[in-house]
Structure formats: structure tokens, C-alpha cells
2 protein chains.
Amino acid sequence: MKTPTAVLVAARRRDATATRVAILDSARRAFARAGYDGAGVREIASGAGVTAMLVNRYFGSKEQLFTEVVEQTMTSNSLIAGGIMDAPNPGRALAEALVKMTRADIAPLDGFLITFHSASSPSAAKIGRDMIAAHHLKTVAKSLDGKLADERAGLLLAVISGFQVMRQMIALPALANASEEKLVQLLAVVFDGLIQPPAKETGRKKSS
Amino acid sequence: MKTPTAVLVAARRRDATATRVAILDSARRAFARAGYDGAGVREIASGAGVTAMLVNRYFGSKEQLFTEVVEQTMTSNSLIAGGIMDAPNPGRALAEALVKMTRADIAPLDGFLITFHSASSPSAAKIGRDMIAAHHLKTVAKSLDGKLADERAGLLLAVISGFQVMRQMIALPALANASEEKLVQLLAVVFDGLIQPPAKETGRKKSS
DNA sequence: CACGTGAGTCTACGGGCGTAGACATCGATC
DNA sequence: GATCGATGTCTACGCCCGTAGACTCACGTG
């Protein structure tokens, strides 16, 4: 156990932390494009300007690298992460942000999409599921008033996911080429319907 | 060595059409579970009781096999394919059918999920996209009155997809373990909001 | 200026992939 | 009962995968 007094922040050529960041960045792009199985370690390394072995040297294994990428992406770069649910009109705000982030000319780097692209691998799917349940679902559910908060939060995330999947992953023309303002209006109605406490239109025998 | 066990083991004698069906069936299960890249020809063949080469002999290539699987699944086994949009209460009917088909104990063999699992391969994604646009989007849009029919149809499919993805593919606990009746009620409201013609002014204010 | 240490690379291995071509076997026909 | 096409299998090739171990090299320090 030694402390080499590494207080100086010089040395740009052989910079471990900068290399780490570069690998994480390249991995995020690769995983978002091709999923866990589709992205190779050699490809990730090449995108960061290093060799494949260095990736494993820094992150232990491809799976651990994937975990770090998903965690970082879900916490720092998420639609939900910022307090968007506290806006005066959260449905509209959510719709605007969602439509904006799913434009065709924007590389899809979202954590949801990375997870969906990687759902073929059970281990990768579990990592994504746990991350979604831990960060996003809890955040949304806490900001919802009324009953069935968990279910409504889940459906809200489902709508967001479905829109991302159909507009970005599949590039369904009806959504990819539609007018943004019209999409926002339609989406806002859907979101509002889930954000507002549910009306009991059919009689249920649940005590209120 | 030809032993009399031939009679006992004779599950399927040399029957070309039956073998074709068996391969298609096995391929559908494999693609639904692991996506285009994740499912191997050897695995598909093994599930049908044949060898890998026979698969290519019958379907030419893995990609052509995938195309046939997706086409068959989308046309014959789809939520939308049956005239569910013509029901007296299509929103509720859709919600009930969707919740029912996404139960945990039902193997997810839907064409949407196969497509999403396979989105890593550009060619497979294109096959799925074209199939969705050709069959489902057109069907839904034709049954919608009022303006923005294409956009509303796309969003309807997006909600369906998102629900499938979150409940089956990711198995988000909030949706996978929720009460079915409550999910149906919440979903029906969302569907009705998209099925009914859009109001001129959108963006109701939240009153909390 | 030598040197130890950590950053980064090279080579290789075992395995799975899609598929091409030669080979084996069954079943109906003459 | 021999023949022949359809049905199915075997072996092999070339490619890419994740990663383990030995290696090279630059750099801060004495």
C-alpha cells in the first residue's frame, strides 16, 4: 500500500483516467448501436484508440464494462433523471423532451435503448432491468399522487420506451417523419392521463 | 445398424412439409428468445430434430428463414390481425387482449418482440420494420377516424410495444406482477385517448 | 542516467458462428 | 428387386468472439 502522491495532473500522453473515459464513451456508442452481444471488445477498444486487452485490463470483463456503461448512462443522461416530473405541466414537458431526444439526427445513446438492444443476453437484461427498477421507476412513482402509483409509473415508462423503440430503434415512418409538435400534443394527452390520479369509471370492490 | 427400434422412434418419417413446419416453429421460439443474432442455426435445427444444414437446404439462408418466421408470426398471430379494432369498445378490448398475451407464464412469441430482440442486425430490423409498417400500421390507421390517423396509429403501436417490452422482455416488476384488472383499466384509458379523434386544444392543466 | 513500475500491446487459444460440398439413406416406382 | 430422386447427415472451412499470459515501452523518480 503506497501513496505515490499523484497530486499533479500533468501527463496527458499516458493518462489512465482519460483512457478509461474514452473506453466508456466508445463502449456506450457501441452498445447503443449493436447491443451487448453485437458490440465486440475489439470494436470498443478501437473506438477508444487502444487495444482489446486494455479494455479487460481496466474493467475486468466485458460484462463489468457493460454494467458501468448502463449505470452511468441511466443516472447521468436520462429523460427522467432531471426533475422533469416537478415541472408545472409535467405531461407536456415530458412529451417535449421525449420527442426532442428521439430525433433522427441524434445518435440514440439512451440507457433504455441500450438495455433493449441487449435483452438477448440474460445477464445484460438483468443489469438493465435492475437499473430501471432502481432509478427510474422509483423516481416516477414517487412523483405521482393517488392510487396505483407503481402501475401508472410502469405504464409511463412503457409509453416512453415504446415511443423510443418505434421511433428510433425501428424507425417506424409514421413516428420518425411526423411533425414534432403534433407528436408532442398527442403524447402529452397520454402522459397526462397517467399522471393524473385515476378516475374510477367502473365500479370496483376496492375500499377507498 | 438397423434395429427394429425404427418403429418406436419414428416420430416423423421423411415428410418435407412437416419438417418445414417443425423448423419454422423451432426458429420462431429461438428468435423470440434470443433474437436474430442470438439464435444459432444449429440450435434451431436441434429444436426441430434435424441438422443445421437441412435448415439452409429448406430456407436458403438464416436471413430468409427469419423473414418467413416474422412474416408468418405478424400475419397469423398478432394482436392487431384479428379485427379487434372493430369491437364495440376497442380500447378496453385491446387492453384486455394485450394484458392477457403478456402473462409471465406464456412464452413471448409475438412478432414485435422478435423484431425488437433482433434490432441489432440492420437487415433483421429492416425486415421487422417493413412488416410492421405494412401490416399493423395500415390496419390500425384505417380504423381510426379523425385527423392524424397515422400518428395516432403509430403511438398506439408504440404503447403496445412499450408495454410488451417492459412487461415481458424486461419483466419490470411493477408491470409483471401487477393486478391484471388494474392494468387493463389503466391501459384502456390510454388506448381510448388515442382512438378517439383528437381535441383541438390539448394540454389540460394538472390541478395539483 | 539507470531503473522500477505501470500503461499498453502481441500472440495465441478454445469455441461458436453460417454455410458449402460430398456423402448416406429412405421410399416410391418400373 | 434394382433404380433413382428426394430427404437428411457429415466433415470442413474461414471468420470472429472473449480473454489469458508474456511482452514492450514510456515516464517519474532516485
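**Salt bridges, helix pairs and the chain interface**

Reader: What makes the meeting of the Asp25(A) and Arg29(A) side chains a salt bridge?

Author: In this predicted model, their N to O distance is 4.0 Å. A salt bridge needs a side-chain nitrogen of Lys or Arg within 4 Å of a carboxyl oxygen of Asp or Glu, so the pair qualifies. Over all chains, the structure holds 15 salt bridges, while the count between chain A and chain B is zero.

Reader: And how do you know how far apart Asp25(A) and Arg29(A) are in helical turns?

Author: Both belong to helix H1 of chain A and are four residues apart, so about one helical turn separates them. A helix here is a DSSP run of H or I with at least four residues, numbered from the N terminus.

Reader: Good to know! Which ground rules apply?

Author: As a predicted model, it needs pLDDT of at least 70 for local features and 80 or more for side-chain atom pairs to count, while totals for chains, interfaces and linings use all residues. Residues are numbered from 1 along each chain as its sequence is written, chains are lettered from A and ligands numbered from 1 in the order in which they are written, and side-chain values use heavy atoms, leaving out hydrogens and water.

Reader: What makes H5(B) roughly parallel to H8(B)?

Author: The axes of H5(B) (residues 62–76) and H8(B) (residues 122–142) come within 10 Å, crossing at roughly 25 degrees. That angle makes the two helices roughly parallel. H5(B) passes H8(B) in a right-handed crossing. Among the residues that meet are Val70(B) and Met74(B) in H5(B), and Ile127(B) and Met131(B) in H8(B). The contact divides into seven nonpolar, six polar and two charged residues.

Reader: Why are H10(A) and H9(B) called oblique?

Author: H10(A) (residues 180–195) and H9(B) (residues 149–169) pack at about 50 degrees, with axes 11 Å apart. They are therefore oblique to each other. Leu183(A), Leu186(A) and Leu187(A) meet Glu151(B), Arg152(B) and Leu155(B), giving four nonpolar, no polar and two charged residues.

Reader: How do you know how much area chain A and chain B bury between them?

Author: Buried area is the accessible area (1.4 Å probe) lost when two parts are put together, summed over both. Here that comes to about 4,300 Å², with 75% of it on carbon and sulfur atoms. In chain A, Leu155(A), Ile170(A) and Leu186(A) lose the most area to chain B, together 14% of what that side buries. The contact takes 51 residues from chain A and 47 residues from chain B.

Terms used. Axes are lines fitted to C-alpha atoms, for helices over the stretch in contact, and angles run from 0 to 180 degrees between N-to-C directions. Angles under 35 degrees count as roughly parallel, over 145 as roughly antiparallel, 65 to 115 as roughly perpendicular and the rest as oblique. A crossing is left-handed if the near helix is turned anticlockwise from the far one by less than a right angle, and right-handed if clockwise. Contact means heavy atoms within 4.5 Å. Ala, Val, Leu, Ile, Met, Phe, Trp, Tyr, Cys and Pro count as nonpolar, Asp, Glu, Lys and Arg as charged, and the others, Gly among them, as polar.
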